[in-house]
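User: I would like to learn how to read strand pairing and core packing in a model. Please take the features one at a time.

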Amino acid sequence: MRAALAATLALLVLTAAPLLAEEWIVFVWETAGITLTLPRTWQAAPLAGDGPAVTISDNANLTIQLRVLESGDPAEALTADLPALDLVHFGFEAATLYGRAAWRAEAVTANRAYLGEGRAGYLPDDRIIVAVARWTGGTLPLDQVFAGLSLTQPILPAFAASVDAQ
């Protein structure tokens, strides 16, 4: 009985995995050292400007901009980036990002046609990431972005370097 259940489960996983893989794309953001796993319907492209920046769009009702800074104040960076998507925020609230203090702002566009959100905080390697998004509909796109974000180069704890040296 258990063997039959295990075989059925394995068959289900093997047939579902290719279907799930077709729903996602991987975008390697080389200048920031970040990899993003995004829904297949989204496109990502680098932006010109200060520091690494990328825009993500579904070419319909979603625009996201991400920027990475080497240093600075996350709240000031978020305040500076919200107008790039014509977003007016309702104030900041404390949040967490990768287990550290961060800022979040709910927003709308000036003409109220789009909902918006901004988040800013520290990446695990102490750089600052600023994300602003505007969209129509009921989705929360920044949740998907941060769930699919990983650093391209792993960050090892300090003791790992000393173990490798021995």
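Analyst: Two strands pair if DSSP finds at least two bridges between them; strands (E, at least two residues) and helices (H or I, at least four residues) are DSSP runs, numbered from the N terminus. In S9, Arg134 stands opposite Gly116. This is a predicted model, where local features need pLDDT of at least 70, side-chain atom pairs count only at pLDDT 80 or more, and totals for chains, interfaces and linings use all residues. Residues are numbered from 1 along each chain as its sequence is written, and side-chain values use heavy atoms, with hydrogens and water left out.

User: In which sense do S8 and S9 pair, and over how many bridges?

Analyst: Strands of a sheet pair through backbone hydrogen bonds, either parallel or antiparallel. S8 and S9 pair in the antiparallel sense over 8 bridges. Leu115 has Trp135 in S9 as its bridge partner. The hairpin of S8 and S9 has 5 residues between the strands, and Asp126 takes a positive phi near 75° there.

User: What links S7 and S8?

Analyst: S7 (residues 100-109) pairs with S8 in the antiparallel sense over 7 bridges, with Glu106 opposite Glu117 in S8. The two strands form a hairpin with 5 residues between them, where Arg112 in the turn has a positive phi of about 65°.

User: What is the strand order of the open sheet, and which strands stand at its edges?

Analyst: The open sheet has 7 strands in the order S3-S4-S5-S9-S8-S7-S6, with antiparallel pairing. S3 (43-46) and S6 (87-97) stand at the edges with a single partner strand each, so one side of each has no neighbour in the sheet. On average, neighbouring strands are turned by 15° against each other, direction ignored; axes are lines fitted to C-alpha atoms, for helices over the stretch in contact, and angles run from 0 to 180 degrees between N-to-C directions. Helix H2 (residues 74-81) packs on the sheet and touches S5, S6, S7, S8 and S9, its direction making about 35° with that of S9. Contact means heavy atoms within 4.5 Å.

User: Which residues touch the most other members of the largest nonpolar core?

Analyst: A nonpolar core is a set of buried Ala, Val, Leu, Ile, Met, Phe, Trp, Tyr and Cys residues joined through side-chain atoms within 4.5 Å. Buried means under 20% relative accessible area, exposed over 50%, partly exposed in between (1.4 Å probe, protein chains only). Of the 24 residues in the largest core, Ile34, Leu36, Ile64 and Leu66 touch the most other members. Apart from it lies another core of 12 residues, including Leu78 and Val130.
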